Amino acid sequence: MERRHILHLFTPGRQASPFDVNMAADAGYDLVVPYCQVDADGVAAMTQDAIFSRGPKGVARTGIFIGGRDALLAADMLARAQAAMVPPFSVSLMADPSGAYTTAAAMLACVEAALQQRHGQGLAGQQVLVLGGTGPVGRVAAVLAAQAGARVRLASHRGRPHADAAAAETAQRFGVPIDGASTADAAALAEALAGTDLLLACAAAGVQVVDASALQQAVRLKVAADVNAVPPAGIAGVGVMDQQQPLAGSGAVGIGALAIGNVKYQTQHRLLLQMREASRPVVLGFAEALHTARSWLAEQPAAPSR
């Protein structure tokens, strides 16, 4: 009998994400089994339970997906799961906590494509401001932008000390330079926006972090991207379906949440397919998510110039 494809879904939380279960089933896994409250200390034993029970042919049809809500914890769990393999008993691994890895990758890929198409420039050297930067999507977006050579500031509405602490923690964990920035009041936000080339809004749903008057302070702005799909828009003037539409009150273009979400969906689907179809075990984190998002976008028609 041919071995079935099994995906073990580890999450530190109390429940697994139905979104991830659906995505895995649609990628062709026969069984998707969630395991809740799996922490970093327990992931090695769980991984070895998965690899030693199926034999070499079975492990080729076995995958592990790491979820949860903490981007840094998921990276640690991914590393520990990888270290627990005992070749030839090795399975494919993927992490995407709360969709943060694929969402951040989709956001950066969309911004990069707009920057290249509109200005003939890449991410290197750009001043990037990440609003809502202390959350999982914001942190990963900051890391990806910094890895691409951008100068990144991770912002918090709770003030500079909170932003600096989150930036330092994230920078140390991933070995990239990231600074903090305050958006605690209108003056701090205006100061942060004044030197920004690329604006990434990763704040909570239904929270507007940049209104129309604040946007006027972003005199250098080229691209603004917003992952908030719940009214009001996170960035005033950015519609959820926008794909490089001109942003009123600035010289920038906007990229909306559903446009980013489509790329996120395609990215996660392709990564899950890659896990299931790989002839050798693969390890998929946010760097691989960005590569996949870029590849999918490169296959699409360019957005029309306006």
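E112 is buried, with a relative accessible area of 19%, where buried means under 20% relative accessible area, exposed over 50% and partly exposed in between, for a 1.4 Å probe and protein chains only. The structure is a predicted model, in which local features need pLDDT of at least 70 and side-chain atom pairs count only at pLDDT 80 or more, while totals for chains, interfaces and linings use all residues. Residues are numbered from 1 along each chain as its sequence is written, and side-chain values use heavy atoms, with hydrogens and water left out.

The side chain of E112 meets that of R294 in a salt bridge, at 2.7 Å from N to O; a salt bridge here is a side-chain nitrogen of Lys or Arg within 4 Å of a carboxyl oxygen of Asp or Glu. Because R294 sits in helix α11 (residues 286–298) and E112 in helix α5 (residues 100–119), the pair ties together parts that are 182 residues apart in sequence. Helices (H or I, at least four residues) and strands (E, at least two) are DSSP runs, numbered from the N terminus. R294 itself is partly exposed, at a relative accessible area of 34%.

A further salt bridge joins the side chains of R220 and D197, at 3.0 Å from N to O. This pair links distant parts of the chain, 23 residues apart: R220 lies in the loop between α9 (212–215) and β9 (223–226), and D197 in the loop between α8 (186–194) and β8 (198–201). D197 is buried at 6% relative accessibility, whereas R220 is partly exposed at 39%. E277 also forms a salt bridge, with R276, and the closest N and O atoms are 3.6 Å apart. E277 is exposed, with a relative accessible area of 54%. By this rule, the count of salt bridges comes to 9.

Turning to the strands, an open sheet of 5 strands has the order β2-β1-β3-β4-β12, with parallel pairing; two strands pair if DSSP finds at least two bridges between them. At the edges stand β2 (31–35) and β12 (283–284), each with a single partner strand, so one side of each is left without a neighbour in the sheet. Helix α2 (residues 43–51) packs on the sheet and touches β1 (6–10), β2 and β3, contact being heavy atoms within 4.5 Å. The direction of α2 makes about 170 degrees with that of β1; axes are lines fitted to C-alpha atoms, for helices over the stretch in contact, and angles run from 0 to 180 degrees between N-to-C directions. Strands β3 (residues 62–66) and β4 (residues 92–95) run parallel and are joined by 4 bridges. The bridge partner of I64 in β4 is L93.

Helix α6 (residues 136–147) has 12 residues and reaches 17 Å from its first C-alpha to its last, close to the 16 Å expected at 1.5 Å a residue, the expected span being 1.5 Å times one less than the number of residues. Of its 12 residues, 10 are buried, so α6 is largely enclosed by the rest of the structure. Among the buried residues of α6 are V137, R139, V143 and L144. Just after α6, G149 takes a positive phi of about 100 degrees.

The structure holds 0 disulfides, a disulfide being a pair of cysteine sulfur atoms within 2.5 Å. For C202, the closest cysteine sulfur is that of C110, at 12 Å, too far for a bond. C202 is buried at 10% relative accessibility, and C36 is partly exposed at 35%.
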